[in-house]
Amino acid sequence: MDSVTTHPFITFAPAMPQEARADTHAALVSFFQDFGFTGRNDLEKLAGWVLGTRELSLSPEAALALARWRVEGWLAEVLGPSHVGPSLMVRGRAAFVLVGGARWGADVLMRAPSSLPEAWRRAVCEAVPMSAPAEVPCQMREQVLVLNPFMDMLRRWLRPAAGQAGVSPSR
């Protein structure tokens, strides 16, 4: 009787083409370059931090979603609950870049925020840009169209200076 035995830790998942891995890696490198990381070693570490052992099974979109999720979690812990919201990633990235977080290397994102120096965490919190006020619909003020600007200028020149000093006759 012939039998086939396999090692329990070997999986027979089909390997993805090399170009898919390159696309996934390139997407992650681009994502972390937006945070100011430029060193190849740092970018490799961060890509490995996001991908882990799933490099063969993640599409670029899924890898970016995972990277955003990890970085948002890190930013939420660093900045605190007052900054958590839909603009956390944008404002947090701006604060991270403003304080030069990439100078600390890739380990700064891979460490627990509680292990970072308190002064640095406070600097990141202070560097968060203020959000713009929400748009509010309102009525636009009435505007006056002057069809003949030369006549309007002539009217202003001929009117008495003492009578209506700052009022436009076109209104």
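Begin with the place where two helices meet: select Arg68, Val71, Glu72, Trp74, Leu75, Ala76 and Leu79 in H3, which are in contact with Leu88, Met89, Gly92, Arg93 and Phe96 in H4. Sorted by class, the residues of this contact comprise 8 nonpolar, 1 polar and 3 charged. The model on display is a predicted one.

H4 covers residues 88-98, and its axis and that of H3 come within 10 Å, crossing at roughly 70°. The two helices are therefore roughly perpendicular to each other, since angles of 65 to 115 degrees are classed in this way. The crossing of H3 past H4 is left-handed.

Next, select H3 by itself, residues 60-79. This helix has 20 residues and reaches 28 Å from its first C-alpha to its last, close to the 28 Å expected at 1.5 Å a residue. Which residues of H3 are buried? They are Ala63, Leu64, Leu66, Ala67, Val71, Trp74, Leu75, Val78 and Leu79. Just after the helix, select Gly80, where phi is positive, at about 90°.

To display the contact, select Trp49, Val50 and Leu51 in H2 together with Ala63, Leu66, Ala67, Arg70 and Val71 in H3. Of the residues in this contact, 7 are nonpolar, none is polar and 1 is charged.

H3 and H6 pack with their axes 9 Å apart, at an angle of about 100°. These helices, too, are therefore roughly perpendicular to each other. On the H3 side, select Trp74, Glu77, Val78 and Leu79; on the H6 side, select Trp120, Arg121, Val124 and Cys125. The contact of H3 with H6 contains 6 nonpolar, no polar and 2 charged residues.

Is Arg121 buried or exposed? Its relative accessible area is 19%, so Arg121 counts as buried, the cut-off being under 20%. To see its surroundings, select Glu77, Val78, Pro113, Ser114 and Leu116, which Arg121 contacts when its neighbours within four places in sequence are left aside. Glu77 and Val78 also belong to the H3 side of the contact with H6.

Note on methods: Residues are numbered from 1 along each chain as its sequence is written. This is a predicted model: local features need pLDDT of at least 70, side-chain atom pairs count only at pLDDT 80 or more; totals for chains, interfaces and linings use all residues. Side-chain values use heavy atoms; hydrogens and water are left out. Axes are lines fitted to C-alpha atoms, for helices over the stretch in contact, and angles run from 0 to 180 degrees between N-to-C directions. Helices (H or I, at least four residues) and strands (E, at least two) are DSSP runs, numbered from the N terminus. Contact means heavy atoms within 4.5 Å. Ala, Val, Leu, Ile, Met, Phe, Trp, Tyr, Cys and Pro count as nonpolar, Asp, Glu, Lys and Arg as charged, and the others, Gly among them, as polar. Buried means under 20% relative accessible area, exposed over 50%, partly exposed in between (1.4 Å probe, protein chains only). Angles under 35 degrees count as roughly parallel, over 145 as roughly antiparallel, 65 to 115 as roughly perpendicular and the rest as oblique. A crossing is left-handed if the near helix is turned anticlockwise from the far one by less than a right angle, and right-handed if clockwise. The expected span of a helix is 1.5 Å times one less than its number of residues.
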